Amino acid sequence: MTLIDSDPDSDLAPLEFAVTRNLLGASPERRAEILADPGFGSSFTDHMVDICWSVRGGWHRPRVQPYGPISLDPAAAVLHYGQEIFEGIKAYRHADGSVHTFRPDQNGRRLQRSARRLALPELPVPYFIQSLRELVAVDGDWVPSGNDQSLYLRPFMFAKEAFLGVRPAHKVAYYLIASPAGAYFTGGVRPVSIWLSEDYARAGKGGTGAAKTGGNYAASLLPQSEAYENECDQVVFLDQDGNVEELGGMNIVFVYKDGTIVTPQSDSILEGITRESLLQLARDRGHKVEGRSVSLAQWREGVASGDIVEVFACGTAAVVTPIGLLKGKDFIDEQPLGSLALSLREELTDIQYGRREDTHGWLYRLDA
Ligand code: PLP
Ligand code: COI
């Protein structure tokens, strides 16, 4: 197994996983039926990975076991205080049948940063990557091969200690589940409409906005419902000063008419790996890239004056999705549509699916 050279844990010995096969898994026919139209996030593979952690024992009892309900003490801290983090990463089937993932070291490091913020233990990156390999070793047949399809991998970690005092838990569980995935938005790749959350914030200065923790998503659900009530696909959040932050589950990127690409930068935004990769591809093409604040007023004026020529959302689940409409309580702004978002999407997915040379060394083979 190749470990990540620059990681301080790269000389850790691999864990010894105990593997229990699921004898009641989906039949090949049922699996084929699911893979023919997987949707997003509603079907799960036959197995899951589970590693325990405790203050005394560190990381221990690594297992691959049949997918199924988790038994938790009703006093488990996660159920009361939300001490939880997660990741999202995909496995892609290449034309030769091999299975690859994209920049897993980055997701592993982000899980560690999220862990630090939520006072959870940091899973060594080599263990994180090994968990992906172990699951794909038993559930590799669940990686779909259709256009734009993938196996969405969802690693997560939570406080399982039964204790109602408010302090970091002494017992924690790391799990990995997997879900075959097609397009995140119904209707495939199409411009989406965005609702501006004017009454609710997602994150604040010094809060947990940069961590991938369930609470951030819980805070986004009411405004996301408002978005649906207003016939919008997603919600966009501002900070206290009126600067654009991000969507409920995606980063946002603005394209200016001189080719400059701008994306909001702040301590309360999730550092998206898709965004970082797209910005690198854009730099490779000669685009100037800036991480800086963009206020709502600058967005609206930029679109009105023609300075902003494209706006898009990006993330693991959404890949790259053009934004076609911004709607607020008392305005509707159509967004200009261009070709850059879709051409960057094509370049990125060509790399992920092995159709184009991976010059940055971003792919990691999971099944060998
Ligand atoms: N912002 C939020 C709130 C997200 O949930 C996601 C998705 O993971 C992203 C941004 C994009 O991150 P990434 O590209 O690493 O998936
Ligand atoms: C992802 O893109 O991986 C996300 O986590 C976004 C959303 C599905 C929560």
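**Notes on the domain contact and the rings**

1. Start with a salt bridge: Glu 271 pairs with Arg 113, and their closest N and O atoms are 3.2 Å apart. The term covers a side-chain nitrogen of Lys or Arg within 4 Å of a carboxyl oxygen of Asp or Glu. Between domain 1 and domain 2 the count is 3 salt bridges.

2. Some ground rules. This is a predicted model, where local features need pLDDT of at least 70, side-chain atom pairs count only at pLDDT 80 or more, and totals for chains, interfaces and linings use all residues. Residues are numbered from 1 along each chain as its sequence is written, and side-chain values use heavy atoms, with hydrogens and water left out.

3. Domain 1 spans 18-183 and domain 2 spans 192-349, with bounds from an automatic or database domain assignment. Their C-alpha centres lie 27 Å apart. Domain 1 brings 20 residues to the contact and domain 2 brings 19; contact here means heavy atoms within 4.5 Å.

4. About 1,600 Å² is buried between domain 1 and domain 2, with 53% of that from carbon and sulfur atoms. Buried area is the accessible area (1.4 Å probe) that two parts lose on being put together, summed over both. On the domain 1 side, Phe 86, Arg 110 and Arg 117 supply 35% of the area buried against domain 2, more than any other three residues.

5. Now the rings. Arg 300 lies over the face of Phe 331, 3.6 Å from the ring centre. To count, NZ of Lys or CZ of Arg must be within 6 Å of the ring centre and within 35 degrees of the ring normal.

Notes: Chains lettered and ligands numbered in written order.
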